[in-house]
Amino acid sequence: MEKKIKKAGVIGAGVMGATIAAQLANVGIETFLLDIVPPELTDDDKKKGLTKESKAFRDKFGQNGLNIALKSRPASFYVPENAKLMTIGNLEDNLEWLSDVDWIIEVVVERLDIKKSVFEKIETVLKPGTIVTSNTSGISAKAMCEDRTENFRKHFAITHFFNPPRYMKLLEIVPNPDTLPEVIETLADICEKALGKGVVHAKDTSNFVANRIGTYNMFSVINAMVEMGLTVEAVDKLTGPVIGNAKSASFRTADLVGLDTLLHVADNVYEGCPDDEKKDVFKPPDFINQMVEKKLLGEKTKQGFYKKTKDSKGKKVILSLDCNTLEYSPQEKVNLASLEAAKNVSGTPQKMKSLYYAKDLAGKFTFGHISEMFIYAANRIPEIADDIVNIDNALKWGFGRKMGPFETWDAVGVSKSVAKMKEAGYEIPSWVQELLDSGKESFYKKEAGVLYYYDIPSKDYKEVPVKPGIILLPSLKDREKQVAGNAGASLIDIGDGVACLEFHSKMNAIGEDIMSMIVQSSDIVSRDFEGLVIANHGTNFSVGANLAMLLFLAQEEEWDDLDWAIKALQDAFMKLKYLDKPVVAAPAGMALGGGCEICLASDRVRFAAETYMGLVEVGVGVIPSWGGCKELLIRNTEHLFEVQRGGVYPKQIEFMPFVARAFETIAMAKVSTSGPEAIKLGYLRPTDKLTVNRDYLIEDAKKTVMAINLEGYTPLRPLEEIRVAGENTFAMMKLALWTMHEQGFALDHDVTVGTKVAYVLCGGNVLENTKVSEQYLLDLEREAFLSLCGDPKTQARIEHMLTTGKPLRN
């Protein structure tokens with residue numbers, strides 16, 4: 001069943017419905033957002049002169065939903081213009097619109113009776129073959145389908161998005177007993193490839209997979225905290241990044257979700273799973289019920305496990321809750337020996353292992369709640385999912401964890417942990433014991449670059465499915481496809497005559513190792529390959545230059561070495577730009593500073609939706625010096641000198657607005673909040689294309705290389721006649737900087753740095769329309785960079801960024 005989703009309808013314009021609709025619009029799906037007609041006119045409605053027949057009144061809930069999506073932070077739309085693909089209406093006047101859509105998503109309140117009444121309405125206009133899904137977080141698919149026609153049941157399923165839908169990867173798909181297999185296949189394909197989701201196939205049980213295990217884990221943590229007398233802040237330190245969880249850890253996450261929502265999810269399991277052996281864990285402790293009574297619900301009531309306030313000096317502080325007294329007090333410093341020891345261990349698996357076997361209070365706490373999670377997750381197969389892979393993916397994608405339960409279990413050692421659990425009195429799930437008794441030692445294993453998982457029914461390992469179109473660089477390395485490499489980067493053969501340059505330094509910061517591999521890779525690709533992709537699987541594509549190296553050279557006044565380093569990277573990026581084979585960059589996450597500049601040097605960019613791109617060097621008191629200023633100038637002005645019809649050049653050019661646009665982007669260190677916004681900012685071109693699901697990014701970039709070659713690739717030639725704005729425009733920009741300084745918008749050093757940016761973008765002290773080469777502009781960049789590195793204020797900014805991760809205003 002190959003089905004294209006061109007139009008969709010979302011019913012329910014609350015936060016979740018509106019932001020799901022926004023994501024559909026983000027990927028080009030025309031979407032109707034419908035809600036009920038408000039029951040009564042409010043005083044505000046009457047003041048506006050609205051009546052019950054007014055369209056503005058009848059569509060008010062839909063319009064409110066659209067406004068929510070437009071104003072949400074983080075942003076729901078890639079760019080605000082995507083909202084044009086959304087049309088708002090109401091279920092009384094516009095129900096007929098749903099007869100023209102391919103997919104209807106119900107996102108109304110979590111009440112079975114209301115959902116069933118919505119489905120009854122939908123069915124009056126439903127065309128054959130239209131897919132209908134519910135975004136419920138826990139109501140049974142079978143129950144929602146009662147009294148519906150066979151056609152409805154066959155095309156109905158649950159698609160459970162996680163909030164916020166744009167950013168959270170997990171989407172759980174749950175069929176009802178009559179759902180056609182091809183409907184599930186279509187939904188999985190659309191949600192994965194079009195919407196960018198990681199699909200987990202779940203069973204029709206209360207809270208499905210992620211919330212079932214995640215909520216159990218949360219209540220296990222709460223119970224262990226109470227039993228051991230730990231503080232809220234101590235628990236969050238022990239359940240955050242140190243064990244591979246999100247920074248929000250346990251209680252900050254609960255505040256974000258809302259305590260009332262958490263209890264609703266827990267109650268779903270308590271009431272809906274009478275045979276769950278750990279059912280009583282889902283009953284909240286007394287202090288949690290008291291928190292609900294006192295409206296200590298989290299962010300929605302401005303106080304929960306934490307409370308933001310100001311101290312006597314007006315400084316913002318975050319207080320934490322004492323779970324015994326329900327009073328707030330300043331957070332205590334967390335001093336736990338094994339926690340500090342774990343922080344100093346390299347790698348999440350080793351950190352987890354260090355804490356799990358520690359003998360102090362932190363170790364006992366970690367051993368207790370993690371062991372509870374291991375056993376509970378193991379006992380849920382096949383009740384909530386068929387295999388360990390779906391459970392691990394659900395917890396990783398739904399809660400931002402680096403490892404799922406079974407990957408974590410492998411990290412601490414299955415045999416050793418089981419022995420410790422038995423000693424502590426835990427009952428080990430029979431299939432886990434069988435795995436160990438058969439001589440197997442882990443839930444996953446890797447052989448010849450292929451990952452296998454333990455399959456319970458067959459009692460043997462099966463290959464973890466990797467969908468066509470997903471390239472995994474570590475797997476290729478295991479299969480000896482690495483062509484060259486050093487500590488900072490590798491060149492890998494990804495097939496079909498295409499190589500991939502992978503960065504793997506810390507934060508993928510660009511230093512001497514990466515520079516060396518750029519040069520070496522260019523030579524190898526020119527000789528042995530048909531094209532190059534620049535990509536990696538890191539959280540961030542690249543955060544830019546190795547600041548520690550730059551600071552060291554500047555403080556030691558090794559100006560010749562610093563000049564050589566900048567020139568060498570300029571040459572390396574120019575070598576990429578003018579390589580005789582196509583180069584396609586594939587950024588995802590942060591592509592900042594040099595990470596942005598390497599994209600600017602590429603022939604084409606295949607970018608992930610969540611690409612945050614920017615030239616941010618001014619934040620540490622320097623300017624882009626690896627071609628960033630040059631490339632942004634070219635991109636903002638090149639269209640001015642295109643040959644017009646009849647073969648003539650334009651006679652009069654007004655440089656100022658276009659140079660000012662490049663200046664504003666660099667001097668304000670603008671960073672895109674999405675890949676599409678990077679096009680608006682001028683970092684990317686309209687010819688650069690989007691991949692929503694990052695899993696497919698490297699394959700798509702590889703296909704782009706192949707397509708360029710198929711069209712016939714002609715290497716670029718270095719630009720020798722770039723027209724620049726010259727000294728008059730430079731003078732106007734200096735005046736603008738002075739004005740900003742006088743009005744208090746810019747500090748002294750901001751003016752210094754901004755003046756250097758303006759000087760480079762205007763081509764220095766030359767006349768308007770002077771023609772200069774790329775190398776001339778690169779030399780200006782390098783000279784400006786070096787002069788700024790000698791300024792103590794720049795060195796202070798770099799040092800502050802290295803120690804705090806935040807820019808310094810000095």
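Is Lys203 buried, partly exposed or exposed at 28% relative accessibility? Lys203 counts as partly exposed. Buried means under 20% relative accessible area, exposed means over 50%, and partly exposed lies in between (1.4 Å probe, protein chains only).

This is a predicted model, in which local features need pLDDT of at least 70, side-chain atom pairs count only at pLDDT 80 or more, and totals for chains, interfaces and linings use all residues. Residues are numbered from 1 along each chain as its sequence is written, and side-chain values use heavy atoms, with hydrogens and water left out.

**View 1. Lys203 pairs with Asp386 in a salt bridge.**
A salt bridge is a side-chain nitrogen of Lys or Arg within 4 Å of a carboxyl oxygen of Asp or Glu. By this rule the count comes to 49 salt bridges. In this pair, the closest N and O atoms are 2.9 Å apart. Lys203 sits in the loop between strand E8 (198-201) and helix H9 (210-228), and Asp386 in the loop between helix H16 (361-379) and helix H17 (388-399), so the pair ties together parts that are 183 residues apart in sequence. Helices (H or I, at least four residues) and strands (E, at least two) are DSSP runs, numbered from the N terminus. Asp386 is partly exposed, at 47% relative accessibility.

**View 2. Glu277 and Arg380 form a salt bridge.**
Their closest N and O atoms are 2.9 Å apart. The pair links distant parts of the chain, 103 residues apart. Glu277 is in the loop between helix H12 (259-272) and helix H13 (286-293). Arg380 is in the loop between H16 and H17. Glu277 counts as partly exposed, at 43% relative accessibility, whereas Arg380 is buried, with a relative accessible area of 3%. Both residues belong to a network of salt bridges that links Arg212, Asp276, Glu277, Arg380 and Glu383.

**View 3. Glu92 meets Arg58 in a salt bridge.**
The N to O distance is 3.1 Å. Glu92 lies in the loop between strand E3 (86-90) and strand E4 (103-106), and Arg58 in helix H3 (residues 55-58). These distant parts of the chain are 34 residues apart. Arg58 is buried, with a relative accessible area of 17%.

**View 4. Acidic residues gather in a patch of negative charge on the surface.**
The patch holds Glu556, Glu557, Glu558, Asp560 and Asp561. Patches are made of residues with over 30% relative accessible area and no salt bridge; like charges are joined within 9 Å, and nonpolar side chains (Val, Leu, Ile, Met, Phe, Trp, Tyr) within 5 Å. Accessible areas come from the Shrake-Rupley method with a 1.4 Å probe; for residues, only the protein chains shown count as cover. Lys and Arg count as positive and Asp and Glu as negative; His and the chain ends are not counted. The place of a charge is NZ of Lys, CZ of Arg, CG of Asp or CD of Glu. Asp560 is exposed, with a relative accessible area of 67%. Asp561 is partly exposed, at 40% relative accessibility.

**View 5. Lysines form a positive surface patch.**
The members are Lys302, Lys308, Lys310 and Lys316. Lys308 lies in strand E9 (residues 306-310). At 62% relative accessibility, Lys308 counts as exposed.

**View 6. Cys599 is in no disulfide.**
A disulfide is a covalent bond between the sulfur atoms of two cysteines. The rule used here asks for a pair of cysteine sulfur atoms within 2.5 Å. The count by this rule is 0 disulfides. For Cys599, the nearest cysteine sulfur is that of Cys596, 6.4 Å away. Cys599 is buried, at 1% relative accessibility.

**View 7. A cis peptide bond joins Ile381 and Pro382.**
Omega is about 10°. Pro382 lies in the loop between H16 and H17. Another cis peptide bond joins Asn163 and Pro164, with omega about 0°. Pro164 is in the loop between strand E6 (156-161) and strand E7 (170-175).
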